[in-house]
Amino acid sequence: MQHKKIICICVTLLMIHVQLNAQDIDLFAEKDTAKIQDIVTATFKSSRVVNGQSIENVGVGVLDFKILHRFGAINQGGYELFGIDQATMRMGLDYGLTKRLMIGVGRSTYQKQFDGFVKYKIIQQQTGLKEIPLGISWVSTMIYKSLRSAPNAQYIEYNSDKISYAHQLLIARKFNDYFSLQITPTVVHYNLVENSKLPNDFKSVGISMRQRISKRVNITGEYFYRIDKLDGYYDPLTFGLDIETGGHVFQLHVTNSTGMTERTFINETTGSWSNKDIRFGFNLVRAFTLKKPKALKNIKL
């Protein structure tokens, strides 16, 4: 009888041990399943790389106030204080409607342009058992050039003639915490071109990168190769230095473009790096939370 009791106790302990192991396996399985939902974030530090759109969206209920400021060309010499005496600026507001959808509007002093855009996340990069290696977003932008026509213009220009559109596919991958890369196929459409020999649609491909050099400092770069070219203009090349400071991102940059809308900085860049026709500038981004997330509404501060 004593042996039977010992056997029963051993069997009981074994069953308990197996049950505990099974629970541990289930817990680990839940953790592995959770990994499927690990969405990759901070591919770039702002919703714009420098001039061009990045794969990033602003958060739900978050309003981003952006100031893009650019000085004149440094090859103008000391009389113009190497371009500091001249400046162009774009002020914009971006707002996150959902986790995938954001909108934005802006006003540029260059050509007195107004612009508005919609950006939607189609696919989000994620890690885990079910890995998605790329993030893909779509951006559509409308640009209105409100600059008055020259008095000696050879044709009557209607308001609709001053409108152009840009459609872009943003394909990005964050390789690790230090390096990200984005490819941006782009089509810019002009409602009106200078002559019948020019197309209304201009295609280009952009490439952008981010390289982290410290916890709060990143180097960025972007270049657009114009497949369809307007004579007298150059491909835009820009380098930036992103500095995160609390609730905003401060970015110093150098570029050969003057305009800050897709029409102007991609298709109508008049400056050339080889001629030292480049410009210093900065971008300032400040975020304001207008709508508290539901998960935080019941938390008393």
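Predicted model: local features only at pLDDT ≥ 70, side-chain atom pairs only at ≥ 80, totals over all residues.

**The barrel and its spaces**

A: Strand β7 (residues 135-145) and strand β8 (residues 163-174) run antiparallel and are joined by 10 bridges. Within this pair, serine 140 stands opposite histidine 167 in β8. Both strands belong to a closed barrel of 12 strands, with antiparallel pairing, in the order β2-β3-β4-β5-β7-β8-β9-β10-β11-β12-β13-β14. On average, and with direction ignored, neighbouring strands of this sheet are turned by 20° against each other.

Isoleucine 207 stands opposite tyrosine 223 in β11. On to the next partner: β11 runs antiparallel to strand β12 (residues 237-245), and seven bridges join them. Here glycine 221 stands opposite phenylalanine 239 in β12. Strand β11 itself (residues 217-226) is largely enclosed by the rest of the structure, because seven of its 10 residues are buried, that is, under 20% relative accessible area.

The structure holds one cavity of 30 Å³ or more, and about 70 Å³ of space lies in the largest cavity. Its lining consists of Ser46, Arg48, Val49, Val50, Lys66, Leu68, Val249, Gln251, Asn283 and Val285. At least two residues of this lining come from each of β2 (62-73), β13 (248-255) and β14 (279-289). By class, five of the lining residues are nonpolar, three polar and two charged.

The largest pocket has a volume of about 760 Å³. It is lined by 34 residues, of which Ala42, Glu56, Asn57, Val58 and Gly59 are the closest to its centre. The elements giving two or more residues to this lining are β2, β5 (113-123), β7, β13 and β14. Strand β7, the partner of β8, gives the largest share of the pocket lining, three residues. By class, the lining of the largest pocket has 14 nonpolar, 13 polar and seven charged residues.

Taken together, β2, β13 and β14 each supply at least two residues to the lining of the largest cavity, and β2, β13 and β14 are also among the elements that give two or more residues to the lining of the largest pocket.

Key:
Residues numbered from 1 in each chain as written. Heavy atoms only, no water. Pairing = 2+ DSSP bridges. Helix = DSSP H or I, 4+ residues; strand = E, 2+ residues; numbered from the N terminus. Axes fitted to C-alpha atoms, helices over the stretch in contact; angles between N-to-C directions. Buried < 20%, exposed > 50% of the residue type's maximum accessible area, 1.4 Å probe, protein only. 1 Å grid on protein atoms, 1.4 Å probe; cavity = no way out; pocket = protein on both sides within 12 Å on 5 of 7 lines; lining within 4 Å. Points joined across faces, edges and corners; volume = space filled by probe spheres on them. Nonpolar A, V, L, I, M, F, W, Y, C, P; charged D, E, K, R; others polar.
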